[in-house]
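Okay, thanks for making time, everyone.

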Amino acid sequence: MSIPDFVTRLPNDIGGLDAGPFQRVEHPLEPWEKRCHALADVLDLRKVINTEEKRKGVEALGEGLIAKLPYYERWIVTFANIAFTKHFFTPTELADKMTEVEARFTGELA
Amino acid sequence: MIPETSPSDHDHDHDHAHDDHAPVVEGRPGYYDMMETAVRELFIEKGLITAGDIRRQIEVLDSRSPALGAAVVAKAWTDAAFRSRLLENGRRACEELGISFYDDTDLIVLENTETVHNLIVCTLCSCYPRPVLGLPPDWYKLKPYRSRAVVEPRKVLAEFGTVIPEDVEIRVSDSTATVRFLVLPCRPEGTDGWSEDRLASLVTRDAMIGVIPVTLPQEASR
Amino acid sequence: MATVFERVVTATGEKPAFAPGDRVKVGTRSPIGHYRVPQYLRGQTGEVLKVIEPSLIDNEEEGYGRNAGNRRHYYRISVPMPSLWPGYEGSPRDELQIEVYETWLERAA
């Protein structure tokens, strides 16, 4: 029985697939990227969202989004999605909080 | 609010080795930067984590760098009893030195010899021995390295300038869950009698991933 | 005559099914959902190098938010590169080492 690969292969399961030459790219983490990493560690430490849930959540973004979003952007979007699913907070609460966060900066810059 | 780093801003496609981070916009924080603040604050307000947890974890991350791994390697080169404990149980031997494993992972230390060369990768994501090396470089997390290291390790190594003779066996370790790997590189010749500190100064992060050997400074610049 | 200790019966799954040196085959099944057994490894035969102790929570359950549950024996196995990749370029002794849960392994000849 042949099963379509696109159903059974997770987007991040790429070992052995064709890929171009690599470049030895690296960058020092932005402050928010480091905070995002610390958030991931703490969420796992407190078993609010464990590391395997985060991995599964990133896979659930699908190939398209995984390709478009850089690393920590994938993580933070995933944490938000999982938080909605586990009823920790709602999309509206996040939207309101983001507006509040943005206002702190626009207020400062005004 | 308009995402400042919307996907269309980058010309990313899956086969392209991008920098894997968004361009920095001056002044106001970017969309994902603000999302991180908002998500973190909501988790804190809901009582699921505390601001202190985050502050502490940032200190933990800041305290981990390849300098730790290099010190472990230098100790293994100079202390045969430690070396055998390290190869027997990597985590326990590192803990002996005060390196904690905050992320609850295990550590297997892989010894390079004249006949075996080890290389580490995580094809499924970006598993990495963070407690002893800090956070991984971007290239380790990007598709080309992850896809290719398991299928054509010798070509990948050659792209790092590392040519492994045919009679040396290559062992690629792919990390899938809770075990992490650290390569114990070969000690370079001409370092007899060197102190641990001096030896540690030779050991690079990339050598502990297994993509390059440890060399003396004059060799590297030759 | 067996001693009292030797007559202790262990529960199902309590002891690892495989030991270092055993030949094992990785399952060929293709479930949907979360997994940590790369596709390239499916159906491959390898050798157990090490039993990773203690047994761990099955990461296919953990991915769905279970922080406790079935603990599975976990093995480090080695697979020769040439059997993984047809036309592999390199030494025939090159190998891949990877960890796999017992649920994905069966005994091989």
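So, helix 5 of chain A: its buried residues are A:Tyr71, A:Tyr72, A:Glu73, A:Arg74, A:Trp75, A:Ile76, A:Val77, A:Thr78, A:Phe79, A:Ala80, A:Ile82 and A:Ala83. Buried here means under 20% relative accessible area, with exposed being over 50% and partly exposed in between, using a 1.4 Å probe and protein chains only. And helices are DSSP runs of H or I with at least four residues, strands are runs of E with at least two, both numbered from the N terminus.

Some housekeeping before I go on. This is a predicted model, and local features need pLDDT of at least 70, side-chain atom pairs count only at pLDDT 80 or more, while totals for chains, interfaces and linings use all residues. Residues are numbered from 1 along each chain as its sequence is written, chains are lettered from A and ligands numbered from 1 in the order in which they are written, and side-chain values use heavy atoms, with hydrogens and water left out.

Back to helix 5 of chain A. Twelve of its 15 residues are buried, so the helix is largely enclosed by the rest of the structure. From first C-alpha to last, helix 5 of chain A reaches 21 Å, close to the 21 Å expected at 1.5 Å a residue; that expected span is 1.5 Å times one less than the number of residues. Just after the helix, A:His87 takes a positive phi of about 60°.

Now its partner, helix 2 of chain A, residues 31–45. Helix 2 also has 15 residues and reaches 21 Å, close to the expected 21 Å. Among the buried ones are A:Trp32, A:Cys36, A:His37 and A:Leu43. After the helix comes A:Lys47, with a positive phi near 55°.

How do helix 2 and helix 5 of chain A pack? The angle is about 45°, and the axes are 10 Å apart. For those numbers, axes are lines fitted to C-alpha atoms, for helices over the stretch in contact, and angles run from 0 to 180 degrees between N-to-C directions. The two helices are therefore oblique to each other: under 35 degrees counts as roughly parallel, over 145 as roughly antiparallel, 65 to 115 as roughly perpendicular, and the rest as oblique. Helix 2 of chain A passes helix 5 of chain A in a left-handed crossing, where left-handed says the near helix is turned anticlockwise from the far one by less than a right angle, and right-handed says clockwise.

Which residues meet there? On the helix 2 side they include A:Trp32, A:His37 and A:Leu43, and on the helix 5 side they include A:Tyr72, A:Trp75 and A:Phe79. Contact means heavy atoms within 4.5 Å.

Chain B has twelve helices and four strands, and 58% of its 222 residues count as buried. Of its contacts with a separation of 6 or more, 65% are between residues 24 or more positions apart.

In helix 1 of chain B, 13 of the 15 residues are buried. Its end C-alpha atoms are 21 Å apart, which agrees with the 21 Å its 15 residues should span. B:Gly47 follows helix 1 of chain B and has a positive phi, near 80°.

Another pair in chain B: helix 3 (residues 66–78) and helix 4 (residues 80–88) pack at about 125°, axes 5 Å apart. That makes helix 3 oblique to helix 4, and the crossing is left-handed. Residues meeting there include B:Val72 and B:Trp77 from helix 3, and B:Phe82 and B:Leu86 from helix 4.

B:Ile170 lies in strand 3 (residues 169–174) of chain B, and it is buried, with a relative accessible area of 0%. Leaving out residues up to four places away in sequence, B:Ile170 touches several residues, including B:His117, B:Leu157, C:Asp94 and C:Glu95.

And C:Gln39? That one is found in the loop between strand 1 (23–26) and strand 2 (45–57) of chain C. At 14% relative accessibility, C:Gln39 counts as buried. Setting aside neighbours within four places in sequence, C:Gln39 is in contact with A:Thr8, A:Arg9 and A:Asp13.
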